[in-house]
Each structure stands twice: as C-alpha cells, then as structure tokens.
Amino acid sequence: MQEGTAQKTRSAIAHVIERAEQDLAQRFHEIEETEEIWTRRVLKAFQTHEVSYRHFAGTTGYGNGDIGRETLESVFAEVFGAQAAIVRPSIASGTAALAQTLYGLVLPGDEILSATGRPYDTMEEILGINAGQQAPGCLKEMGVTYCEVSLTKKGEIDLPAVLSAITPRTKLVIAQRSRGYSWRPSLMPEAFRPLCDAIHDQCPGVRVMIDNCYGEFVAGCEPSEVGADICVGSLIKNAGGGLAPTGGYMVGRRDAIERIAAHITAPGIGLEVGSYAGGYQLFFQGLFMAPHTVAQALKSACLAARVFEILGLLSVPGALEPRSDIIQAIRLETPERLIRFCQGIQLASPIDSMAMPEPWDMPGYTDQVIMAAGTFVA
C-alpha cells in the first residue's frame with residue numbers, strides 16, 4: 001500500500017473511532033459508575049481483613065497456616081458476598097475450577113441439570129456429552145448423568161421447564177452467565193434469583209452453581225448475592241485484574257465450599273493446606289485492580305461494537321445494550337476475515353507483536369480456535 005493511501009486509511013479509521021467514542025459518552029459514564037461501586041467494595045474488604053505486606057509472602061510444603069492464602073480467600077468471600085471461598089494458584093484455569101466444583105458436588109448416580117442450555121465446549125468434555133470420544137475420567141464415565149433445558153426464545157431462563165426437569169437424581173443445577181462462544185445473550189446476576197429461590201424452596205438438597213467466568217464486576221452485584229450456592233471463575237480473566245499469573249476461585253455457601261475443598265486436597269484436610277512459593281502480591285493487587293481493568297475491557301468492547309456497527313457488521317451485544325460480561329461477539333462472515341482480524345489484534349499488541357496467529361486444534365474444543373493475545377499473562 002502506498003504511503004498516501006495508507007495515511008488516508010488511517011485517517012478514515014481514526015474518524016470512525018472518534019465518532020464511536022462520541023456516541024458512547026453516556027455508556028462510558030455508566031461503566032465508570034459501576035467501577036466505582038466495586039472499587040469501594042474491594043477496598044473495604046482489604047481494610048476489613050487488614051491486608052498487609054506479610055500477606056504477600058510465599059510458602060512451601062503443606063502450607064499449613066498460610067496467612068496469605070487464608071486472607072486472600074476471606075477477602076474474596078467478602079467481596080462476592082459469600083460465606084467462604086477457595087482461591088488457589090494451583091487451579092489451572094476456569095475450566096479446571098468448574099471441573100473441580102462439579103466433582104466435589106456430585107456423586108455417582110447423581111444428575112446435573114443445565115438451566116441455560118448447552119454449555120461451551122470445554123464443559124462438554126468434563127460432562128462427557130461431546131460428540132467425539134469421551135475423555136477419560138469424565139463425569140459420564142463415573143456414572144453422573146446430564147440433561148439440559150434451553151433458554152426461551154427471548155434468551156431467558158425457562159423456570160417452569162427447569163423445575164419440571166428436576167428429578168430425585170438431580171443434585172446440581174448449573175447455569176452459565178456468559179454467552180461464551182454462542183450468540184445467546186449473557187445473563188445478569190439478577191436473572192438467577194428466581195431460579196435460586198424456586199429451587200431452594202421446592203427442591204431441598206439441590207444446589208445451584210453459576211459459571212461466572214467473564215462476568216465479575218461487570219454488573220452491580222454477583223450471582224452469589226442472589227442465592228447461588230456456588231459461583232466459579234478464573235483468575236486470569238476478570239477477577240485477576242490482568243495481573244494474577246494463574247489460578248481460579250470458587251465462592252459460595254460454606255458447606256459447598258468444604259465439599260469442593262475435600263476434592264481439591266483430601267477429605268479431612270480441605271481448606272487447611274495449599275502453599276504457593278511465588279507469593280500472593282499479584283493476586284491481591286490483581287483483585288484490587290480488577291474493577292478498573294474490567295471497566296476498561298467493557299469500554300473497549302463497547303467501542304469495538306460501535307465501530308463495527310458503523311461499518312455495517314452485526315455486533316452482539318449492541319454497543320448501547322446492557323452487559324453482563326466482557327465478551328463481544330462480532331459476525332465477520334468468513335473465516336478469512338476472522339483470521340485477518342485476529343492477526344491485526346496481535347500486530348497491535350505489546351507482547352509477541354511479530355507473531356502470526358493461525359487456527360489450531362486447541363485441547364478441549366470441538367472446533368478450531370484462533371487466539372490473538374499479546375498480553376503480559378499468557
């Protein structure tokens with residue numbers, strides 16, 4: 001491309017972005033108001049639990065009496081309005097956190113019911129419902145069955161259908177807050193209140209688990225505050241503020257947390273052990289920065305949505321629509337456009353800007369995946 005043509009292209013792009021930013025002034029203000037709510041809440045939790053430098057130190061071995069780990073979990077529980085929490089660097093990902101939660105809360109012969117239709121790909125592997133060969137150790141192999149109820153045409157939880165699908169074998173109802181990789185709408189935390197209230201009232205012994213990945217600090221409350229027994233997420237997404245190098249979390253009712261902890265470590269040991277030699281500063285700091293980092297991610301998502309709307313492409317959610325997660329879906333129409341888009345993101349990134357992303361068979365996913373990151377946490 002000749003320099004003159006390139007300059008005109010850059011100028012045209014800058015004009016579209018400037019127009020989009022003007023259109024989003026009120027939306028950006030609303031996001032900043034939510035950021036302030038969560039920043040105040042996180043700060044209060046840090047002060048209540050008297051977080052200090054001694055909590056940043058790492059430990060080795062069993063980690064008995066690890067004051068950093070214990071305090072971090074107490075802070076998470078308070079921030080999310082829960083009774084207890086598990087926050088561990090040893091949890092490899094959000095998928096791993098979800099798997100450990102499921103294995104901790106169901107037994108052979110139990111049934112899991114999804115209230116939000118088919119979960120995203122990696123959960124299919126855990127449940128053993130993927131179309132291909134079952135993964136060794138999946139829940140189906142262990143005698144745990146699965147069924148699902150689709151969302152309504154409006155993208156809402158079909159509560160009567162969920163309640164009708166519950167049987168004496170149902171021990172866990174799961175729901176996915178984020179749209180994940182589908183075109184369905186994401187769900188606000190308040191959307192889970194009727195589900196939790198009805199199940200706790202009519203189905204004693206059945207727990208509700210919410211997959212909270214990508215949703216933390218986006219809305220004014222969390223699912224753990226509207227009745228969810230357990231909420232699960234990743235520390236390398238929202239809750240780590242872009243600083244936590246690894247890990248996952250579970251927050252919720254103490255009895256549910258204790259059962260999960262017994263699976264993660266061992267029965268009779270539970271929450272009492274777990275060391276991390278690297279230290280906890282980035283986990284505390286990441287949580288403190290998370291409301292701001294999430295707010296910036298939301299602004300970027302809204303801006304991307306508006307820019308592509310101006311260019312005539314479909315964006316879900318729309319730039320001005322309410323949001324319950326940081327996911328922005330844009331229909332680029334062809335694989336070639338998607339690949340070029342991801343490569344452009346990588347080219348503009350601070351880390352590995354010279355890399356050229358290509359689609360690949362990523363473990364846990366049915367379809368090929370292409371990822372542009374260029375981030376400080378891989």
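The legends below describe several close-up views of a predicted model.

**View 1. Packing of helix α2 against helix α9.** Helix α2, which spans residues 25-48, and helix α9, which spans residues 281-310, have axes that come within 9 Å and cross at roughly 170°. Because angles over 145 degrees count as roughly antiparallel, α2 is described as roughly antiparallel to α9. On the α2 side the contact includes Arg27, Phe28, Ile31, Glu32, Trp38 and Phe46, and these belong to a set of residues that meets a set in α9 including Phe284, Leu287, Pro291, His292, Lys299 and Cys302. The residues of this contact divide into 13 nonpolar, 2 polar and 4 charged. Two of the residues named here also form a charge-and-ring arrangement, in which lysine 299 lies over the face of phenylalanine 28, at 5.7 Å from the ring centre.

**View 2. Aromatic pairs, with tyrosine 280 and phenylalanine 283 as the example.** The count of aromatic pairs in the model comes to 15. One of them joins tyrosine 280 and phenylalanine 283, whose rings are 6.4 Å apart centre to centre, with 55° between the planes, an arrangement classed as tilted. Tyrosine 280 has a relative accessible area of 0% and is therefore buried, and phenylalanine 283, with a relative accessible area of 3%, is buried as well.

**View 3. An aromatic cluster that includes phenylalanine 217.** Ring pairs link Trp38, Phe76, Phe80, Phe217 and Tyr249 into a cluster. Among these residues, phenylalanine 217 is placed in the loop between β5 and β6, the latter being residues 230-234. Its relative accessible area is 2%, so phenylalanine 217 counts as buried. Phi of phenylalanine 217 is near 65°, which is a positive value in a residue other than glycine. Most residues other than glycine have a negative phi.

View 4. Alanine 84 is found in strand β1, which covers residues 84-88, and it counts as buried because its relative accessibility is 5%, below the 20% limit. When residues up to four places away in sequence are not counted, alanine 84 touches Ala77, Met250, Val251, Gly252, Arg254 and Ile257. By comparison, the C-alpha atom of methionine 371, a residue 287 places apart from alanine 84 along the chain, is separated from that of alanine 84 by 34 Å.

**View 5. Buried residues of helix α7.** Within helix α7, residues 193-202, the side shown contains Leu195, Cys196, Ala198 and Ile199, which are buried. What covers the buried residues of α7 includes α6 (159-165), together with the strands β4 (170-176) and β5 (207-211).

View 6. Most peptide bonds are trans. Glutamate 333 is found in the loop between β9 and α10 (335-347), where its phi is near 80°, a positive value in a residue other than glycine. With a relative accessible area of 56%, glutamate 333 is exposed. Also included is arginine 331, whose charged end sits over the ring of tryptophan 183, 4.3 Å from the ring's centre.

Terms used. Residues are numbered from 1 along each chain as its sequence is written. This is a predicted model: local features need pLDDT of at least 70, side-chain atom pairs count only at pLDDT 80 or more; totals for chains, interfaces and linings use all residues. Side-chain values use heavy atoms; hydrogens and water are left out. Helices (H or I, at least four residues) and strands (E, at least two) are DSSP runs, numbered from the N terminus. Buried means under 20% relative accessible area, exposed over 50%, partly exposed in between (1.4 Å probe, protein chains only). Contact means heavy atoms within 4.5 Å. Axes are lines fitted to C-alpha atoms, for helices over the stretch in contact, and angles run from 0 to 180 degrees between N-to-C directions. Angles under 35 degrees count as roughly parallel, over 145 as roughly antiparallel, 65 to 115 as roughly perpendicular and the rest as oblique. Ala, Val, Leu, Ile, Met, Phe, Trp, Tyr, Cys and Pro count as nonpolar, Asp, Glu, Lys and Arg as charged, and the others, Gly among them, as polar. Rings of Phe, Tyr and Trp (its six-membered ring) pair if their centres lie within 6.5 Å; planes under 30 degrees apart count as stacked, over 60 as edge-to-face and the rest as tilted. A charge sits over a ring if NZ of Lys or CZ of Arg is within 6 Å of the ring centre and within 35 degrees of the ring normal.
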